[in-house]
Amino acid sequence: MAIYSFPYFIDSNTKVLILGTMPGAMSLEKQEYYAHPRNHFWKIICTLFDALPIPVNFEEKIKILKENKIGIWDVLENCERKGSLDIHIKNHKENDFENLFKQFPKIRNIIFNGKQSHTFFIKKFGKIEGITYHVMPSTSPANTMTFENKLKIWTECFKQN
C-alpha cells in the first residue's frame, strides 16, 4: 500500500531547504514532520535557533523554521514501505523539484536529513547548478549517533549558510 509525503513548508523567503526521505509511521499517524518523540530534528532546530523549550504545537515549530528562512519537505512524494526505515522503500516517486526551484528561486542550500534522502535525490535530479548540498546525519532514532554529535555536525553546517 502506498504512503504519501506531506505538503512542503516553504515560502518566498526560504533560502535553506531541509529534505528528509519520507515521513515515518508516527509522523504519518500524527500528520506532522518529525513527530517521533526520539527524533532529534526539532531539538536540533530549536537548540540552533535559541527556541527552547521545543514548542508542543506543530505550527509553532514551523514558525521557527520560517523565521530562519528554512523550509522542509521530503524527496519522495510517495512510496511503499513496511515500517519507518528508508531501506524498506520500494516503488517510489520523487516530488517535483524542477517546479519547486522555479517557484522558490531563493533556495540556494539543500540540507539532506540523512544519506538516503541524498541518494534518492541525486539519483533522480543529479547536481543542480547554483545549489549547495549538505548531507547531515539523520535525526531519526534509528541513527544511534548521540544527540551531541548530531548537534555538532548540524551546527557546523548552519554556520556555513
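A word on burial before anything else: I call a residue buried under 20% relative accessible area, exposed over 50%, and partly exposed in between, with a 1.4 Å probe and protein chains only. Helices (H or I, at least four residues) and strands (E, at least two) are DSSP runs, numbered from the N terminus.

Two notes on the source. This is a predicted model, in which local features need pLDDT of at least 70 and side-chain atom pairs count only at pLDDT 80 or more, while totals for chains, interfaces and linings use all residues. Residues are numbered from 1 along each chain as its sequence is written, and side-chain values use heavy atoms, with hydrogens and water left out.

Let me start with strand 6, residues 109–113. How many of its five residues are buried? Five of the five are, so strand 6 is largely enclosed by the rest of the structure. In a regular strand the side chains alternate between the two faces of the sheet. Here both faces are covered: N109, I111 and N113 are buried on one side, and I110 and F112 on the other.

Now the sheet around that strand. Two strands pair if DSSP finds at least two bridges between them. The sheet is open, has four strands in the order 3-2-6-7, and its pairing is parallel. Strand 3 (70–74) and strand 7 (132–136) are the edges, each pairing on one side only. On average, neighbouring strands of this sheet are turned by 25° against each other, direction ignored. For angles, axes are lines fitted to C-alpha atoms, for helices over the stretch in contact, and the values run from 0 to 180 degrees between N-to-C directions.

Strand 6 has a partner on either side. With strand 7 the pairing is parallel over five bridges, and with strand 2 there are four bridges, again parallel. At the level of residues, N109 has T132 of strand 7 as its bridge partner. I111 is bridged to H134 in strand 7, and I18 stands opposite I111.

Next, helix 6, residues 147–160. It lies across strand 2 (16–20), strand 3, strand 6 and strand 7, and runs at about 165° to strand 7. The expected span of a helix is 1.5 Å times one less than its number of residues. For the 14 residues of helix 6 that should be 20 Å, and the end C-alpha atoms are 20 Å apart, which agrees.

Which residues of helix 6 are buried? They are F147, K150, L151, W154, C157 and F158. These cover an arc of only 125° around the axis, which puts them on the same side of helix 6; the arc is that of the directions from the helix axis to the C-beta atoms. The face turned away from that buried side carries the exposed residues E148, K152, K159 and Q160.

Contact, from here on, means heavy atoms within 4.5 Å. The buried residues of helix 6 pack against helix 2 (41–48) as well as strand 2, strand 3, strand 6 and strand 7. On the helix 2 side, take I44, which is in helix 2 and buried at a relative accessible area of 1%. Leaving aside neighbours within four places in sequence, I44 is in contact with T139, F147, K150, L151 and W154. I44 and T155 are 111 residues apart in sequence, yet 8.5 Å apart in space, C-alpha to C-alpha.

On to cysteines. A disulfide is counted when a pair of cysteine sulfur atoms is within 2.5 Å, and the structure holds zero of them.

Last, some backbone details. Most residues other than glycine have a negative phi, and most peptide bonds are trans. L52 and P53 are joined by a cis peptide bond, with omega about 0°. P53 is in the loop between helix 2 and helix 3 (58–67), and D50 is found in that loop too. Phi of D50 is positive, near 45°, and D50 is exposed at a relative accessible area of 74%. N91, in strand 5, has a positive phi of about 50° and counts as exposed at 53% relative accessibility.
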